[in-house]
Amino acid sequence: MSETIFDKILSGEIPSTKVYEDDDIYAFRDINPAAPVHVLVIPKLKITGFKDLKGLSESEIGKFIKGVSKVAGELGLDNDGYRIVFNQGKHGQQTVDYIHAHIIGGRQLTWPPG
Ligand code: 5GP
């Protein structure tokens, strides 16, 4: 698995604005925010994308998803709501091959996405 920009963010080689970290996940602000709140959450155990979810154990997936929920809550988004996005592959416009959940909120979002 080739090293991505998110591997370098996790190791500290590339700086990021951390919003949360525990033993299992790392959350940081997106460098090009699509909304007033735009945070990326990655599991510390790397898989390349949503299609490779089988590469994580049920426990690891649970910690990741629960972590995303916790971060969204700590960002103050629970009351008004937010969107979680996993972009996968070419049609999903995934640009970084390290699975990441986008937490997007802080304004009224529209549907469907482009
Ligand atoms: P994707 O399109 O792969 O789902 O999302 C990748 C996200 O990573 C994009 O929203 C992009 O703005 C963000 N991103 C790319 N490079 C960096 C970086 O160096 N630092 C941070 N914080 N975000 C990045």
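In which pocket does the ligand sit? I found the ligand in the largest pocket. A pocket here is an open set of points on a 1 Å grid over the protein atoms alone, where a 1.4 Å probe fits and protein lies on both sides within 12 Å along at least five of seven lines. To sit there, a molecule needs more than half of its atoms within 2 Å of the grid points.

I noted the ground rules next. This is a predicted model, with local features needing pLDDT of at least 70 and side-chain atom pairs pLDDT 80 or more, while totals for chains, interfaces and linings use all residues. Residues are numbered from 1 along each chain as its sequence is written, and side-chain values use heavy atoms, without hydrogens and water.

**Ligand shell.** I looked up the 16 residues around the ligand; Arg29, Asp30, Thr95, His100 and His102 come nearest. The cut-off is a heavy atom within 4 Å. By class I noted 7 nonpolar, 7 polar and 2 charged residues. Gly counts as polar in this scheme, and Asp, Glu, Lys and Arg as charged. Helix 1 (5-11) and strand 2 (25-29) each supply at least two shell residues. Helix 1 gives the most, with 3. Helices are DSSP runs (H or I) of at least four residues, strands (E) of at least two.

**Ligand oxygens.** I checked pairs of N or O atoms within 3.5 Å. A polar backbone atom of threonine 95 is 2.7 Å from a ligand oxygen. For histidine 102, a polar side-chain atom lies at 2.8 Å from a ligand oxygen. For glutamine 93, a polar backbone atom is 3.0 Å from one. The protein covers 84% of the 520 Å² of accessible area that the ligand has on its own (Shrake-Rupley, 1.4 Å probe).

**Backbone at glutamine 93.** I found a positive phi of about 60° at this non-glycine residue. Glutamine 93 is in the loop between strand 4 (82-85) and strand 5.

**Rings.** I counted 4 aromatic pairs, with ring centres within 6.5 Å. Phenylalanine 6 and phenylalanine 28 pair edge-to-face (planes over 60 degrees apart), at 5.3 Å and 80°. Phenylalanine 6 lies in helix 1 and phenylalanine 28 in strand 2, so the pair ties together parts 22 residues apart in sequence.

Technical notes:
Polar contact = N/O pair within 3.5 Å; in protein donor to acceptor, adjacent residues only side chain to side chain. 1 Å grid on protein atoms, 1.4 Å probe; cavity = no way out; pocket = protein on both sides within 12 Å on 5 of 7 lines; lining within 4 Å. Phe/Tyr/Trp six-rings, centres within 6.5 Å; stacked < 30°, edge-to-face > 60°.
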